[in-house]
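Dear colleague,

I am passing on a structure for you to look at. My notes on it follow below.

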Amino acid sequence: MKILFTFLLALLLTSCSKKTKLESGVYRAQLKVQDNQQLPFIMNVINDSLIEIYNATEVITVDEISYKNDSVIIKTPVFEGYIIAKVSKKGLTGSFIKESYDMIIPFKAIKGSERFKQNTNAKHTISGNWETVFNTNSTTKRYVAKAVFNQTNNKVTGTFKTTTGDYRYLEGIVDGDSLKLSTFDGSRAFLFVAKITDSTMVGEFYSGNQLKKPFIAKLNNAYKLPSTKNLTYLKEGFDALEFSFPDENNNFISLSDNRFQHKVVVLQIMGSWCPNCLDESKFLAKYYEQHKMENIEILALAFEVAKTKELAFKRIKRLQERIGIKYPILLAHFGSENKIEAHKKLPMLNHIISFPTTIFIDKKGKVRKIHTGFSGPATGQNYIDFKNEFEAYINTLSKE
C-alpha cells in the first residue's frame with residue numbers, strides 16, 4: 001500500500017510543469033464512498049494558502065496548503081488525512097488519503113455552495129430526539145444511539161450520540177421523504193442516507209469507503225442512552241493505576257512522579273487521530289490553562305495509529321502545537337487503534353472500549369471515577385452538562 005501512495009503522489013505531482021494555484025471561492029467537494037454514493041462537503045478557498053471547511057456551525061481552518069506543478073496538497077489540521085488533487089479551470093480532481101488506514105477515496109470539487117441538491121420539498125419534519133440502532137443486521141455488533149436533529153424548512157443539522165461519543169457536526173437536508181447528512185473533518189468522512197416518515201427512519205451509514213452500517217430509528221423525545229459511568233472500571237483488587245510511558249524526550253513518566261503527588265489528576269486515554277479526543281483535548285487544554293496553579297494535573301496517554309514511534313510523536317507534537325496543549329502526552333502504544341492492545345497497557349482496567357476515556361484520580365492516587373467517551377460541542381446540552389459535571393467533580397476532589 002505504501003508503494004501505491006508513493007505512486008499516486010508521483011503521478012499527480014509530476015503530471016505537468018505548469019504551476020497552478022487554487023482560485024478563491026466556495027467549492028462543493030465530494031468523496032466517492034460505497035454503493036457509488038457521493039459524500040459532499042463545502043469548502044471556502046479564502047486565498048491560495050487558506051481554506052475553511054464547513055460542517056453545520058463548525059468551521060475548520062486549513063492553512064497547510066502546498067503546490068507542485070498543477071497539483072495541490074491540502075493537509076487538514078491535527079489529523080493525518082490530506083487531499084491531493086490536480087487543479088484546473090473546471091475545479092479539483094484527486095484523492096483524500098489516510099495512510100495509516102490504507103485509505104484512498106476519490107475526491108473532486110467544483111464551484112458551488114449547495115451541499116446536497118434539493119429536488120423536492122421536505123415531506124416530513126424530523127426535529128427532535130430519535131432512538132437509533134446501528135448494525136441492525138447483526139446480533140453481536142449492533143449498538144444504540146440517540147440522534148438529535150433540528151430542521152428548518154428542508155435544512156437539517158444535528159448528530160448521533162452513542163454511549164462512547166458522538167458523530168460530531170452533521171449537516172444536510174430532507175429531500176421529499178429522504179434524509180441526507182454528511183460531515184468531513186480530515187479524519188471522519190461520514191454520510192447518512194435514510195427514508196423517513198414523521199416518526200421512523202431506515203437508512204445506511206457510510207464511513208469513508210471502507211465501512212457501511214444499516215440503521216433504524218424512531219422518534220422518541222423521552223429516550224435516554226444507557227449510563228456511561230460504569231462501562232470501564234478497575235478490576236477487583238485494584239484501586240489505583242500503575243504505568244510508565246515515554247514522553248517525546250524519551251523520559252519515562254508515571255503517576256508516582258513528584259509532579260503528581262498530592263494533586264488531583266485527570267488521566268486522558270486518547271489518540272491524535274480521534275475526533276472526539278480532539279474535542280475533549282480542546283476542553284482540557286483550556287481548563288488546564290485556567291487551573292494549572294490549583295494543584296490539578298492533566299496527563300494524557302496516546303494510543304497512536306502511526307506505524308512508527310517517530311511518526312507517532314510527530315503527530316502528538318502537531319496536536320499539542322495546533323490546539324495549545326501544555327500538559328504532557330505520553331506514548332502508550334503505536335501501530336493501531338486496537339482497543340484490546342490498548343487494554344494490555346493498562347491491565348488493571350476491565351477493558352478500554354472508547355477513545356477518549358477519562359479517569360479521575362484523587363490526591364491520594366486512588367481512582368475515583370472513570371468516564372467513557374466524550375460528548376462534544378456538537379451535542380449541545382450534553383456538552384454543557386459534561387462541562388458542568390466535570391468542573392463540579394474536580395472541585396469536590398480538590399477540597400478533600
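The lining of the largest pocket is made up of 14 nonpolar, 11 polar and 8 charged residues. Please keep in mind that this is a predicted model. The volume of the largest pocket is about 1,100 Å³. Its lining has 33 residues, and those closest to the centre are Arg188, Leu211, Lys213, Glu337 and Lys339. Two or more lining residues come from each of these elements: strand E11 (143-152), strand E13 (165-166), strand E16 (189-196), strand E17 (200-207), strand E18 (211-219) and helix H2 (275-291).

Glu204 lies in strand E17. Glu204 has a relative accessible area of 23%, so it counts as partly exposed. Beyond the neighbours within four places in sequence, Glu204 is in contact with Leu191, Phe192, Val193, Lys212, Lys213, Pro214 and Phe215. Ala306 is 102 residues from Glu204 along the chain, and their C-alpha atoms are separated by 30 Å.

Elsewhere I looked at an open sheet of 9 strands, with antiparallel pairing and the order E4-E3-E2-E1-E9-E8-E7-E6-E5. Strand E4 (58-62) and strand E5 (64-68) are the edge strands, each pairing on one side only. On average, neighbouring strands of this sheet are turned by 25 degrees against each other, direction ignored. Within the sheet, strand E8 (residues 91-98) pairs with strand E9 (residues 103-111) over 7 bridges in the antiparallel sense. Opposite Leu92 stands Ala109 in E9.

Regards

Key:
Residues numbered from 1 in each chain as written. Predicted model: local features only at pLDDT ≥ 70, side-chain atom pairs only at ≥ 80, totals over all residues. Heavy atoms only, no water. Pairing = 2+ DSSP bridges. Helix = DSSP H or I, 4+ residues; strand = E, 2+ residues; numbered from the N terminus. Axes fitted to C-alpha atoms, helices over the stretch in contact; angles between N-to-C directions. 1 Å grid on protein atoms, 1.4 Å probe; cavity = no way out; pocket = protein on both sides within 12 Å on 5 of 7 lines; lining within 4 Å. Points joined across faces, edges and corners; volume = space filled by probe spheres on them. Nonpolar A, V, L, I, M, F, W, Y, C, P; charged D, E, K, R; others polar. Buried < 20%, exposed > 50% of the residue type's maximum accessible area, 1.4 Å probe, protein only. Contact = heavy atoms within 4.5 Å.
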